[in-house]
Amino acid sequence: MANSEKPFVLAVAGPTASGKTALGAALAAEYGGEVISADSMQIYKGMDIASAKPTVGEMQGVPHHLIDFLDREVSFSAADYVKLARERIDDVLGRERLPVIVGGTGLYIDSLLENIRFSEGGSDESYRRELYDFAEKMGNEALHSRLAAIDPKAAEGIHPNNLVRVVRAMEVYHVTGRTFSELKAESRLEETPYDSLIIGLDFADRQVLYSRINRRVDEMVKAGLVEEAHALWQERGMRTAANAIGYKELIPYFENEMSLDDCIDKIKQETRRYAKRQLTWFRKNKRIKWIIIGEFDKKTEIFEKSKKCIANYRNV
């Protein structure tokens with residue numbers, strides 16, 4: 001049931017290729033809202049195709065915030081996201097419009113809507129450089145395994161290729177002696193300022209989602225993914241943000257170590273694994289109202305189901 005004493009915020013969450021971008025924009029257009037992205041890779045400039053930034057057409061005339069505003073080599077934490085997202089929410093509410101949070105980064109959505117306050121725990125630049133060097137020599141999976149050994153909960157919600165978050169979680173433990181997960185659990189110090197409804201998208205048949213992922217990767221390749229990744233690789237832009245899925249997997253092709261087809265297959269595989277991780281994260285949130293998508297469900301049907309979900313929540 002809605003809490004009328006707090007400002008209402010709508011969120012649309014789900015795995016990659018689930019259709020949340022289109023649904024979020026459509027709901028924002030329907031209810032006089034604006035979209036605030038909750039995607040940890042769409043924030044970066046120059047990373048358009050692999051991060052699936054919405055095109056002008058996909059935005060459906062709806063203003064979108066927190067997309068394409070940060071240089072690739074700038075570190076960006078969940079705490080940074082919450083700060084900026086709250087500013088955007090206040091701005092949207094101040095203009096009597098509906099904030100619609102849309103994305104697949106569960107940590108961002110949870111931190112924002114559950115009022116999680118992270119204790120940053122200081123920093124150690126020398127140790128941070130050591131971790132990046134280790135990942136460069138031994139691989140992202142090897143560093144991720146080290147994180148899993150000390151903080152399995154954090155590792156479960158962070159993709160191995162997201163070096164920024166893997167390194168930060170390990171740095172927090174190194175500096176404080178306490179895991180990132182422990183600090184997160186203790187950070188819910190105040191009640192959330194928002195009355196929020198989270199609509200989650202999932203699939204009755206997981207293979208339908210995987211097929212959509214495979215098709216989208218093929219579409220990304222046609223749209224210029226390889227050329228975009230090659231430009232980043234040439235300028236040595238792979239160290240932090242460009243470790244996103246769709247870029248790193250192409251490095252063996254650029255270095256003449258693997259065929260392009262094999263690298264594209266690797267992108268599809270890693271994206272499917274990432275979608276599984278996203279769903280594992282979101283399923284822990286008991287507040288999410290799930291819409292289960294069938295193989296032949298149309299966008300209009302999903303849109304109408306979402307409207308009913310909102311109406312039931314708002315007692316309209």
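I began with Tyr-81 and looked up its contacts (heavy atoms within 4.5 Å): leaving aside neighbours within four places in sequence, Tyr-81 touches Ile-36, Ser-37, Ala-38, Leu-66, Phe-76, Ile-101, Tyr-108 and Leu-112. I note that this is a predicted model, in which local features need pLDDT of at least 70 and side-chain atom pairs count only at pLDDT 80 or more, while totals for chains, interfaces and linings use all residues. Residues are numbered from 1 along each chain as its sequence is written, and side-chain values use heavy atoms, with hydrogens and water left out.

Next came Gln-42, which lies in the loop between β2 (33-37) and β3 (64-65); strands here are DSSP runs of E, at least two residues, and helices are runs of H or I, at least four, numbered from the N terminus. Gln-42 counts as buried because its relative accessibility is 7%, where buried means under 20% relative accessible area, exposed over 50% and partly exposed in between, with a 1.4 Å probe and protein chains only. Leaving aside neighbours within four places in sequence, I found Gln-42 in contact with Ser-37, Ser-51, Ala-52, Lys-53, Pro-54, Ile-67 and Asp-68.

I also checked backbone angles, since most residues other than glycine have a negative phi. Ala-17, although not a glycine, has a positive phi of about 70°; it lies in the loop between β1 (8-13) and α1 (20-31) and, at 10% relative accessibility, counts as buried. Glu-96, also not a glycine, has a positive phi of about 60° and sits in the loop between α2 (78-94) and β4 (98-103), where Glu-96 is exposed, with a relative accessible area of 75%.

Last, I looked at helix α9 (residues 206-223) and helix α12 (residues 260-283), whose axes come within 9 Å and cross at roughly 135°; the axes are lines fitted to C-alpha atoms over the stretch in contact, and angles run from 0 to 180 degrees between N-to-C directions. The two helices, α9 and α12, are therefore oblique to each other, given that angles under 35 degrees count as roughly parallel, over 145 as roughly antiparallel, 65 to 115 as roughly perpendicular and the rest as oblique. Among the residues making the contact are Leu-209 and Ile-213 of α9 and Ile-264 and Ile-267 of α12.
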